[in-house]
Amino acid sequence: MIRNTLLPLALLLAAAPAMAAPLDAETINRIADQSFSHSQVMQTAAYLTDRIGGRLTNSPAMRQAERWTQERFREFGLSNVHPEGFDFGRGWWIERASVRMTGPRPLALRSIPIAWTPATNGPLTAEIVVAPMRKERDFAEWRGKLKGKIVLVSFPAPAADDSKEAPFKRFTGDEIAKMDQVQQPTYDPEIDRPRYERVNFPKQLDVFLKAEGAAAWVSMSARDNGLVHGVGYLYRVGETPALPAVELAAEDYRRLARLAKTGPVTLEIDSKVHFDDSDRNAYNVIADLPGSDPKAGFVMAGAHLDSWVAADGATDNAAGSAVVMEAARILKAIGAKPKRTIRFALWSAEEQGVHGSDAYVRQHLATRPRNPDPVRAAIAPAFNSRMFPVTPLPAYREFAAYFNIDNGSGKLRGVHAEGNFAAVPMLKEWLSPFSGLGATAVVSSPTAGTDHVYMQSVGLPAFQFIQDPLDYNSRTHHTDIDTYDHLRAEDLRQAAVVLASVLLSAANSDKPIPAAPLPTEPADNDPFRYRDPARD
Ligand SMILES: [Zn+2]
């Protein structure tokens, strides 16, 4: 951040009565009025979900969402609205798909094709074999036994008591207080190995099943209650699996597995899916509310626009995208004139490994070496995030802060300071007007797995909001019921107020927002570790 220390004292006093104070009361009330009485957030969410639907990266629906969100940003009056491309892979979409048991009795099953698997080209009927495989070493047991079969590759794990998480949940004060307990970061130089084995297994499985002459494969949903997800990761050009594959609801899968113990079971899979190779780039959508001081840099807010396709990607993450767009609309509508530019980002390819925001970091903020293993380097940014040195790019110095929204439809309860202890007092001050909206918690603990992490990993101040989970963890996350019905209008309007206000506070702050030191290679914090061979 650049601060002009030469301003006359009188001017400073007039412009900024308290250095990191929240916005003046009138501005906060105008933001609240725009959101509570003139909201567009549910219309935005409805268009993204009901009209466009599931937005798998590079699918025709995601392209439509990229175009539509840019049009909306322009209609709201934002500037510099544009897409930013980065290399991703193939587009893929489902026209229709069904799975039926045809013997010993006819029965329609709850199913979804696994993303980026090929079509069946009409109904494919075959007998099943239950052959659970998790690691390459499991292949030996099934060699020579799979020819012509539909292979059920998951272990039919029995139904568990699902009392761990309430079906619909809001955080209590105690639960939020517990988030303010910091776990120190750990650094294990070998942490990547199990992760790599896990993500690489589907590729090995497809090669094995193809070589054995299997017809297709089926996995079991990780959740009960009829939910399916269809998550798959072989989206790169040249990595497309050879065999069609579907996920079945856990109850349907277990039924097939039980029947197979006592007699032949036949399935019919009809998966009419399509690849779209018109453009292998994915695109982030960027829009600016320009700042009045061109030297003051920028603050950012973002959410990922892409989703999985079992349903309409409502809570993950049309909700966050709609809130980010709504904050942009509100700030423009009240005529906000921030000192720093406020930049809004709708990321792509978050669901396949947080690619969009990582691409933004690499293009604009900082570079770092890629993993020396090109296979690992290409799988996901996580495999490159522990490479050093980090080299800041020019915009690094202009970047003031980033705020991310990606945890469903619940209202904002506060913000994770993400281990940035020095930022805690400032964040508390910015949230202080919102105790009546339940959004004042600032907790130190870090969060992982979404679009603030690669900014944070290069030492920039990047924060994720705390949100009430509602039914996100229990039911909607990546599932076939992630529809508009699970969005809560009051929560999203609240989130838009808090986000717009925090962004404006950050954009106008005369104090720089504290950052971490530029990260360097950490030491192994357990240098006397022995690995338990039984766990490998
Ligand atoms: Zn997700």
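Predicted model: local features only at pLDDT ≥ 70, side-chain atom pairs only at ≥ 80, totals over all residues.
The face of α4 turned away from its buried side carries E71, R74 and E75, which are exposed. Residues are numbered from 1 along each chain as its sequence is written.

**Helix α4**

Helices are DSSP runs of H or I with at least four residues, strands are runs of E with at least two, and both are numbered from the N terminus. α4 covers residues 60–76. The buried residues of α4 are A61, M62, A65, E66, T69, R72, F73 and F76. They sit on the same side of α4 because they cover an arc of only 145 degrees around the axis. An α-helix has 3.6 residues a turn, so residues three or four places apart point the same way. After α4 comes G77, with a positive phi near 100 degrees.

The buried residues of α4 pack against these elements, among others:

| Element | Residues |
|---|---|
| α3 | 41–52 |
| β1 | 79–87 |
| β2 | 91–103 |
| α8 | 314–333 |

**α3 and α14**

α3 also packs with α14 (residues 489–508), at an angle of about 115 degrees and with axes 9 Å apart. That makes α3 roughly perpendicular to α14, a term for angles of 65 to 115 degrees. V41, M42 and A45 in α3 meet A489, L492, R493 and A496 in α14; contact means C-beta atoms within 7 Å.

Note on methods. Expected span 1.5 Å × (residues − 1). Buried ≥ 20, exposed ≤ 12 C-beta atoms within 10 Å, placed from the backbone. Arc of directions from axis to C-beta. Contact = placed C-beta atoms within 7 Å. Axes fitted to C-alpha atoms, helices over the stretch in contact; angles between N-to-C directions. Parallel < 35°, antiparallel > 145°, perpendicular 65-115°, else oblique.
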